[in-house]
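Subject: Structure for you to look at

Hello,

Here is the structure I said I would pass on. Please open it first, then read the notes below it.

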Amino acid sequence: QVRLVESGGGLVQVGGSLRLSCAASGSIAHIRHWVWFRQGPDYERVLVASINSNSRTSYAESVKGRFAISNDNAKHTVYLQMNNLKPEDTGVYYCNADVVNLGDDFSTHYWGEGTRVTVSS
């Protein structure tokens with residue numbers, strides 16, 4: 001079993017920055033892919049950024065140029081640096097990891113519990 005724990009959320013003013021982290025622990029062989037999602041007031045969960053094991057990244061149009069995703073394969077951790085934050089960035093941020101568990105030849109998706117980000121104007 002694998003557990004994901006997000007951290008780094010909080011209250012920030014417009015234009016401010018936050019750095020989110022998501023650490024995976026458990027019986028991990030390797031992590032193929034990480035994704036950050038945001039769930040807004042409408043409860044819709046939207047993709048914010050993703051990174052694969054080759055460090056190829058992709059971003060939602062709304063965050064390009066402001067957010068940066070990175071990962072540390074040795075620590076099984078992914079980060080989301082969020083700069084120039086806007087009120088519409090407010091929500092609960094969840095990480096999702098596509099994990100190959102030890103002894104498996106297939107991958108399994110896991111979710112964290114989320115970390116709340118509030119951007120105040």
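Helices (H or I, at least four residues) and strands (E, at least two) are DSSP runs, numbered from the N terminus. With that in hand, the elements of the protein chain, read from the N terminus, run β-β-β-β-β-β-β-β-β-β-β. In other words, the chain has 11 strands and zero helices.

Some notes on the source. This is a predicted model, in which local features need pLDDT of at least 70 and side-chain atom pairs count only at pLDDT 80 or more, while totals for chains, interfaces and linings use all residues. Residues are numbered from 1 along each chain as its sequence is written, and side-chain values use heavy atoms, with hydrogens and water left out.

Overall shape

Along the principal axes, the C-alpha atoms fill a box of roughly 50 × 25 × 20 Å.

Of the 121 residues, 43% count as buried. Buried means under 20% relative accessible area, exposed means over 50%, and partly exposed is in between (1.4 Å probe, protein chains only). Contact means heavy atoms within 4.5 Å. Among contacts between residues at least 6 apart in sequence, 55% join residues at least 24 apart.

The core

A nonpolar core is a set of buried Ala, Val, Leu, Ile, Met, Phe, Trp, Tyr and Cys residues joined through side-chain atoms within 4.5 Å. The largest one here has 29 residues, and Leu-4, Trp-34, Trp-36, Leu-80, Met-82 and Tyr-93 have the most contacts inside it. Strands that each supply at least two residues of this core include β1 (2-7), β5 (45-52) and β11 (115-120). Leaving aside neighbours within four places in sequence, the contacts of Leu-80 include Leu-18, Trp-36, Phe-67 and Tyr-93.

The disulfide

Which cysteines form a disulfide? The structure holds one disulfide (a pair of cysteine sulfur atoms within 2.5 Å). Its partners are Cys-22 and Cys-95, with sulfur atoms 1.8 Å apart. Cys-22 lies in strand β3 (residues 18-26) and Cys-95 in strand β9 (residues 91-101), so the pair ties together parts that are 73 residues apart in sequence. Cys-22 is buried at a relative accessible area of 0%, and Cys-95 is buried at 0% as well.

The aromatic pair

Rings of Phe, Tyr and Trp (its six-membered ring) pair if their centres lie within 6.5 Å; planes under 30 degrees apart count as stacked, over 60 as edge-to-face and the rest as tilted. A search of the whole structure finds one such pair. The ring centres of Phe-37 and Trp-111 are 5.0 Å apart and the planes are at 45°, so this pair is tilted. Phe-37 is in strand β4 (residues 28-39) and Trp-111 in strand β10 (residues 107-111), 74 residues apart.

Are the two residues buried or exposed? Phe-37 is buried, with a relative accessible area of 16%, whereas Trp-111 is partly exposed at 39%.

Arg-45 is one of the residues in contact with Phe-37. The charged end of Arg-45 sits over the ring of Trp-111, 4.7 Å from its centre, and over the ring of Tyr-94, 3.8 Å from its centre. A charge sits over a ring if NZ of Lys or CZ of Arg is within 6 Å of the ring centre and within 35 degrees of the ring normal.

Regards
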